[in-house]
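Please read the following report alongside the sequence and the model.

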Amino acid sequence: MSALGNHILVEFSGCEPEIMNGVSTIENAMVDAAESAGATVINSTFHHFSPYGVSGVVVIQESHLAIHTWPEYGYAAVDLFTCGDQVDAWVSFDLLKEAFKAKNYSAIEMKRGALNLLNRLDFDINSIRSEAKNRLNPDKYTRNVWFTDKDDDQGLSLRYTGEVLFDQKTEFQRVKVLETYRYGKMLALDNMVMTTEKDEFHYHEMISHPAMFTHGNIKNVLVIGGGDGGTVREILKHQSVEKVTMVEIDGAVIEACKEHLPQIAASFDDPRLELHVADGIDFVKNADSTTYDLVIVDGSDPVGPAEGLFTVDFYQNCERVLKQNGILVAQGESPKFNEQAFTELNATLKSIFGNSNAHTSLLYVPTYPTGMWSFQWGIKGDLDPLKINEKADEIGAFVNENGLNYYNFHIHKSSFALPNFVLKMLDK
Ligand code: SPD
């Protein structure tokens, strides 16, 4: 190593003005460029200027990536400053050139802090650390590092410690586990919140128990996705269940959760569970007809590997593999965050199961953008999720025995009551 850092000063011109003015697009491209180069992203902050122009910095463990754009000139000035030899900033350069559709570009690479010009000072890091500790007021000193799950216009942010406990780019997605201050450890896939220690029960209880009690005698269950293990943990609380087949496409998700979120990944050793690390879409396509009492699609959002979990073909196969009176429950997105996926999935299920057999339930998940989330159902038969009055005592006993924290008899019923704006979205 001949220098402390490497600095690439980049000129991009002939870029598309709309791209140069899109703060989210630019931030996503810069974060992606950092991660693809092998850097660990600590934080990013981006600002849009009026009437146009964007400035922003991605702070990485290995220094920073910064940008200033002038959309009216189709121009961006970019700094790629990295330390150490683990990060290849030229990967970032190539990626940004593509992302900005730059017709012209140039770059100057400079070594920063040439070691033959510097003298290493004699200081002892341990004494510096303890002195620093004494100088700081521990109540005031905080690292202000935030994780944001967002689209172009809105998002949900959680402050975290800055430590990434698990970080793996798999062939499907980026799998991370972070430690948030408010919600404990969090699993994120491609920077979207999947689940957190402190509020996972909202989602996992509601994706499972309403269908279990609506049916009343579920024996054979198929779970597509759900690699964190929370859904199978809830399903396996029911004595009637003889077998759960779970098909998760990405083994790294299971590995990450077993290691860092063991209370969610709590039932992987249950003998009734048959686990496949495989493509759920192919699995359902090749599965025998009329096999399952319940199919649960616990996928992530409709980008990346979960895109195929929002198609007509896939749900036709889900319907085919259900037994008579079988129930499909799918992660249904949010009517306030991903309106299109929410309404389209409902339309798909209506077209397959019939209007009166497609149902939508809502729940509150504090760590998902907008907080309002949904499950969308298709029922192959005459069951009605609201006809459960005679099961009130049975539900009450189950809730007590298992110490449930979200689901109960009244929540079961009320989760199917939809606000008017949602009814309109679903043409009801
Ligand atoms: N944006 C979050 C969508 C929910 C994805 N599934 C969560 C997995 C929990 N088992």
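Glutamate 333 counts as buried because 24 C-beta neighbours lie inside 10 Å; a residue is called buried if 20 or more other C-beta atoms lie within 10 Å of its own, exposed if 12 or fewer, and partly exposed in between, with C-beta atoms placed from the backbone. Phi of glutamate 333 is near 65 degrees, a positive value in a residue other than glycine, and glutamate 333 is found in the loop between β16 and α10 (339-353). Helices (H or I, at least four residues) and strands (E, at least two) are DSSP runs, numbered from the N terminus. This is a predicted model, in which local features need pLDDT of at least 70 and side-chain atom pairs count only at pLDDT 80 or more, whereas totals for chains, interfaces and linings use all residues. Residues are numbered from 1 along each chain as its sequence is written.

Asparagine 191, which is not a glycine, also has a positive phi, of about 65 degrees, and is found in the loop between β10 and β11. With 17 C-beta neighbours inside 10 Å, asparagine 191 counts as partly exposed. The peptide bond from serine 50 to proline 51 is cis, with omega near 0 degrees, and proline 51 is found in the loop between β2 (41-48) and β3 (54-60).

## Strands and sheet

Strand β16 (residues 322-331) has seven buried residues out of ten, so it is largely enclosed by the rest of the structure. Strand β15 (residues 292-298) runs parallel to β16 and is joined to it by five bridges, with valine 295 standing opposite leucine 328 in β16.

An open sheet is formed by five strands in the order β7-β8-β9-β10-β11, with antiparallel pairing; two strands pair if DSSP finds at least two bridges between them. The edge strands, each pairing on one side only, are β7 (145-150) and β11. β7 and strand β8 (residues 155-169) pair in the antiparallel sense over six bridges, and aspartate 149 stands opposite leucine 156 in β8.

## Chain and domains

The protein chain has 13 helices and 18 strands, and of its 428 residues 39% count as buried. Along its principal axes the C-alpha trace spans about 80 × 50 × 40 Å.

The chain is divided into domain 1 (3-117), domain 2 (125-196) and domain 3 (200-425), with bounds that come from an automatic or database domain assignment. The centres of domain 2 and domain 3, taken over C-alpha atoms, are separated by 29 Å. In domain 2, 25 residues are in contact with 24 residues of domain 3, where contact requires C-beta atoms, placed from the backbone, to lie within 7 Å. On the side of domain 2 that touches domain 3, the largest share, six residues, comes from β8.

## The ligand shell

Residues from both domain 2 (125-196) and domain 3 (200-425) belong to the shell around the ligand, so the ligand lies between these domains. Of the 13 residues around the ligand, Met194, Thr195, Asp228, Gly230 and Ser300 come nearest; a residue is near a molecule if its C-beta atom, placed from the backbone, lies within 6 Å of it. The elements that give two or more residues to this shell are β11 (192-196) and α6 (230-235), and β11 gives the most, with three residues.

Key. Two residues are in contact if their C-beta atoms, placed from the backbone, lie within 7 Å.
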